Amino acid sequence: MADTQRSEGTARTGTTRQGRGGSTSARSTEVRRGGPKGETWQPVLGRIPILDLSPQQPDDLWPAKAFDGEVLPFSATVFREGHDRLGAEVVIEDPAGTTTRRRMALIEPGVDRWTALHRIEGTGVWTWYVRAWSDDWASWLHDAGIKVPAGIDVELMLEAGARLLERATGEDGRSDDARRTFTDAAGALRDRDTDPVVRLRLATSEGVASLIDADPIRSLITEGPRRTLRVERTRAGRGSWYEFFPRSEGAVQHEDGSWTSGSFRTAAKRLPAIAEMGFDVVYIPPIHPIGRTNRKGPNNTLTAGPNDPGSPYGIGSAEGGHDAIHPDLGTDEDLAYFLDAAARLDLEIALDIALQASPDHPWVTEHPEFFTTLPDGSIAHAENPPKKYQDIYPLNFDNDPEGSYLEMRRIFQHWIDRGIRIFRIDNPHTKPLGFWERLLHDVNSAYPEVIFLAEAFTRPPMMRGLAKVGFQQSYTYFTWRNTKAELTEYLTELSTESADYLRPNFFVNTHDILTPYLQFGGTAAYKIRAAIAATSAPTWGVYSGYELYEDVARPGSEENIDNEKYEYRPRDWAKAAMLGRTLAPYLTRLNAIRRGHPALGQLRNIRFHWSDDDAVLVFSKYLDGAFTDSGRSDAIVVVANLDPHGSRETTVHLDPTLFGRTPGETFAAHDLITDSVWQWGTDDYVRLDPYAEPVHILHVES
């Protein structure tokens with residue numbers, strides 16, 4: 001079929017045409033607003049307004065994000081004056097130049113919102129735009145369907161329809177069969193010997209309708225502005241993370257109180273168990289030499305004993321800095337062994353990079369300009385008053401912006417060269433946003449497969465800003481969202497408002513965070529948080545010890561007592577399994593459910609339902625068979641008792657249309673945790689006992 005003429009102006013303008021073979025009625029080329037005298041003003045809009053595009057970043061400063069295999073809703077607000085009908089489609093071009101067109105549907109008539117779903121396959125830079133038109137046949141059909149039966153302007157209306165069909169027969173790209181069908185239909189409309197209602201019915205038969213639906217009779221064709229989409233590998237948007245400290249795995253304490261540290265080779269022995277639980281990313285804290293000056297002792301005490309290993313975030317000593325490996329962990333060869341052991345299990349290693357230094361870091365003497373010098377000549381320690389981190393010097397990126405940038409870029413290159421492709425960045429919000437924009441652009445331009453996770457529990461503008469400039473994943477406030485209202489509001493925000501650029505990673509705990517919910521919720525709390533994280537977000541994670549219900553906090557804090565940041569923490573995994581005191585089977589089941597149900601691998605498809613109890617959260621995730629590898633639709637309904645201390649009995653009220661069913665339809669609800677099956681409909685009784693199973697994860701079976 002004939003295409004419209006595209007704008008050759010800026011990416012923010014559109015084009016308009018009357019229809020096939022019609023003359024261009026308006027064409028925006030460049031926007032001029034309040035410029036120097038003599039510049040020509042040009043309109044922003046084409047004939048049909050196309051606004052509020054999605055996916056795009058706010059202000060369209062950077063490309064929107066997607067991952068390979070993500071199902072994206074392409075949306076726009078499309079409207080015009082008057083009451084004539086409109087049509088719209090999204091035109092998507094992949095990095096190879098192949099174009100796909102998806103017809104858009106008017107999903108929110110009250111606000112003129114049009115949407116089409118498309119599964120993105122293949123990484124690289126994609127472009128897309130929306131094409132809208134006046135749907136002349138639909139407009140005529142609406143009016144004729146009212147006027148002809150009422151006897152109003154009958155012959156005028158039928159003649160108008162015949163002329164539209166005649167116009168269609170002359171359009172380029174129509175098949176001979178279509179031309180014959182349209183000619184016959186036009187003749188039927190003009191047959192005055194036949195009842196007008198019959199003539200209308202003959203001219204709007206299924207055969208005519210299907211041909212016009214496939215290729216509408218349209219005019220005022222308008223192309224909206226082009227937008228860019230950066231599509232990254234699947235792991236950038238979907239995965240199951242597990243954090244552990246290699247130095248604790250295989251660590252042995254001797255009778256005199258001294259320790260033999262775990263190493264990369266002893267830590268490799270833990271990898272099969274992590275893989276068996278279904279995790280696919282293993283995140284390890286910094287692996288560099290640790291400073292001795294002001295080294296922290298157990299539980300963040302200010303004085304370390306001779307056997308205390310110190311915090312891995314106090315980076316740098318005589319043995320080296322950010323490009324060195326702590327001697328206790330091993331050598332470059334030992335790291336290679338660890339990475340190879342992980343790869344054989346289909347695990348990726350994510351390395352923590354903390355851009356800060358201990359007082360013993362080589363940078364302190366080699367690059368004093370990297371730090372802030374106080375009036376007394378000393379270097380400023382890291383502070384977040386009243387907290388003070390005596391073992392850390394923060395970097396000052398403003399003293400020598402270019403020099404510090406080049407050194408940081410070198411550090412990342414060092415670990416990329418050794419096979420690391422995922423980085424968890426500690427406290428990125430304490431570094432300039434412009435620094436990250438440049439570094440992520442440079443790294444991903446050369447290595448598009450590299451993934452950066454932002455550990456930034458900070459104000460929303462900075463958290464979102466880090467995502468906007470390129471961080472593939474972000475820690476979130478999920479850790480502190482516990483109530484039904486909090487979770488509903490926050491999950492809605494993440495799946496809609498910020499979904500074009502911020503990908504959440506739902507860690508249920510970290511080595512820094514043990515929330516009151518986990519401290520006092522018992523076994524049920526650990527199940528509830530894991531189940532919600534694993535089913536509501538495509539990426540989630542746990543910190544080692546979660547499966548052992550480690551719930552004792554350091555007094556007055558939200559972190560574990562005897563924190564692993566400051567001491568060795570070997571765990572007896574075999575004993576816990578023997579005693580049945582482990583959540584590992586539950587975590588394994590959650591990850592198996594995630595692998596088996598593609599609906600859980602998407603972010604934007606979460607929908608909330610209602611329950612009569614404010615402690616019972618209900619949501620569903622649905623993926624149409626058009627977007628699954630098997631061709632079968634996938635629907636999951638999650639019902640979670642958020643009260644870890646008491647059973648809840650209530651009625652849940654479902655809207656089956658949100659997961660591919662018709663109103664009032666009943667279905668088999670298969671609980672993927674207990675293997676129970678119930679017959680459910682729109683209103684269903686549930687009882688969730690936190691001492692048995694506090695969460696239903698239901699597969700809506702065909």
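This is a predicted model: local features need pLDDT of at least 70, side-chain atom pairs count only at pLDDT 80 or more; totals for chains, interfaces and linings use all residues.
**Stop 1: the surface patch**

Stay on leucine 51. This residue sits in strand S3, residues 50–54. Together with Leu51 they make a nonpolar surface patch of about 200 Å².

**Stop 2: the second largest pocket**

S3 leads on to a pocket. Strand S3 supplies at least two residues of the lining of the second largest pocket. Select Pro73, Thr115, Leu117, Arg604 and Arg607 to find the middle: of the 30 lining residues, these lie nearest the centre. The space here is about 930 Å³.

Next, colour the elements around it. Besides S3, at least two lining residues each come from strand S5 (71–78), strand S8 (105–108), strand S9 (113–119), helix H13 (484–497) and strand S29 (616–623). S9 gives the largest share, four residues. By class, the lining holds twelve nonpolar, nine polar and nine charged residues.

**Stop 3: the largest pocket**

Move to Asn384, Lys387, Tyr389, Asn427 and Asp512. These lie nearest the centre of the largest pocket, which has 32 lining residues. Two elements give two or more residues to this lining: strand S19 (382–384) and strand S20 (387–389). The pocket volume is about 1100 Å³. Its lining has 13 charged, eleven nonpolar and eight polar residues.

**Stop 4: the largest cavity**

Three cavities of 30 Å³ or more are counted. The largest has a volume of about 100 Å³. Select Phe67, Glu70, Gly237, Arg503 and Leu603, the closest to its centre among 14 lining residues. Strand S4 (residues 64–67) provides the largest share of the lining, three residues.

**Stop 5**

Which residues line the second largest cavity? Select Pro460, Met463, Arg464, Tyr477, Tyr490, Glu493, Leu494, Ser498 and Leu502. Helix H12 (460–469) and H13 are the elements that give two or more residues to this lining. The cavity holds about 50 Å³ of space. Six of its lining residues are nonpolar, one is polar and two are charged.

End by selecting H13. This helix supplies at least two residues to the lining of the second largest pocket, and two or more to that of the second largest cavity.

How values were computed: Residues are numbered from 1 along each chain as its sequence is written. Side-chain values use heavy atoms; hydrogens and water are left out. Patches are made of residues with over 30% relative accessible area and no salt bridge: like charges are joined within 9 Å, nonpolar side chains (Val, Leu, Ile, Met, Phe, Trp, Tyr) within 5 Å. Accessible areas come from the Shrake-Rupley method with a 1.4 Å probe; for residues, only the protein chains shown count as cover. A salt bridge is a side-chain nitrogen of Lys or Arg within 4 Å of a carboxyl oxygen of Asp or Glu. On a 1 Å grid over the protein atoms alone, a cavity is a set of points where a 1.4 Å probe fits but cannot get out, and a pocket is an open set with protein on both sides within 12 Å along at least five of seven lines; lining residues have an atom within 4 Å of a point. Grid points are joined across faces, edges and corners, and a volume is the space filled by probe spheres set on the points. Ala, Val, Leu, Ile, Met, Phe, Trp, Tyr, Cys and Pro count as nonpolar, Asp, Glu, Lys and Arg as charged, and the others, Gly among them, as polar.
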